Amino acid sequence: MKKRPERSSQTYLNQINTGESMSTNKKQITMRIKLIIGFIVVAFLAGCDALVGTFTANINGTAWEASTMLALKNGGQYNITGSKNTTSIAITIPGLTVGTYNINPADTTLDALIYLPDYNNSDSSFISTKGEVVLTKVSTGRLTGTFNVWARSTKNINDSIPITGQFSNILSN
């Protein structure tokens, strides 16, 4: 390791008076400030899991987690979507307040949950026929809740699967 040459206080005063090496000092100070700010931001984000939403499900016994998710307020309802690769789950909540929203098979106007195993193949979709979606928290543009449904294949009406899961802290407009 190289040893720094010893400098007297007079040398520093001369550098200050002549402006010599000031730009190097400014660069070093700027770099240190950037590093400190970077560490503060990383530490803050590491401690703020609440900034990141999650959307997970158990689809017919298989665990699934969305890599992208979004909630949109559309009139008097929320539309929440989570997707990963070519698989997606879309949930419609026919209200904007905390509460339990039951899926009524007689209500043909509401498909509370749609599961697309492969959104490139619309024949493979499943639509909820019974169950519930519970909106447990609505605050500052974020939604949290659970869902527990049975969904029927649009290709084979005798093929139904259970889908349970939760969404937490999903960003909404």
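Serine 83 counts as buried because its relative accessibility is 18%, where buried means under 20% relative accessible area, exposed over 50% and partly exposed in between, with a 1.4 Å probe and protein chains only. The model is predicted: local features need pLDDT of at least 70, side-chain atom pairs count only at pLDDT 80 or more, and totals for chains, interfaces and linings use all residues. Residues are numbered from 1 along each chain as its sequence is written, and side-chain values use heavy atoms, with hydrogens and water left out.

Serine 83 belongs to strand 4; helices (H or I, at least four residues) and strands (E, at least two) are DSSP runs numbered from the N terminus. Its side chain makes a polar contact of 2.8 Å with the side chain of threonine 68. Such a contact is a pair of N or O atoms within 3.5 Å; within protein, one must be able to donate a hydrogen and the other to accept it, and residues adjacent in sequence count only if both atoms are side-chain atoms. Leaving aside neighbours within four places in sequence, serine 83 is in contact (heavy atoms within 4.5 Å) with Trp64, Ala66, Ser67, Thr68 and Ser88.

Of its 173 residues, 28% count as buried.

Strand 1 and strand 2 (residues 62-65) pair in the antiparallel sense over four bridges; pairing requires that DSSP finds at least two bridges between two strands. They form a hairpin with two residues between them, and asparagine 60 in the turn has a positive phi of about 50 degrees. Isoleucine 59 stands opposite threonine 62 in strand 2.

The largest nonpolar core has 27 residues, and Phe55, Ile89, Ile91, Ile163 and Phe167 have the most contacts inside it. A nonpolar core is a set of buried Ala, Val, Leu, Ile, Met, Phe, Trp, Tyr and Cys residues joined through side-chain atoms within 4.5 Å. Among the strands that each supply at least two residues of this core are strand 1 (54-59), strand 5 (87-93) and strand 10 (160-171). Beyond four places in sequence, isoleucine 91 touches residues including Phe55, Tyr78, Val133, Phe147 and Phe167.

Alanine 90 also lies in strand 5, but counts as partly exposed because its relative accessibility is 28%. Its C-alpha atom is separated by 6.6 Å from that of tyrosine 115, 25 residues apart along the chain.
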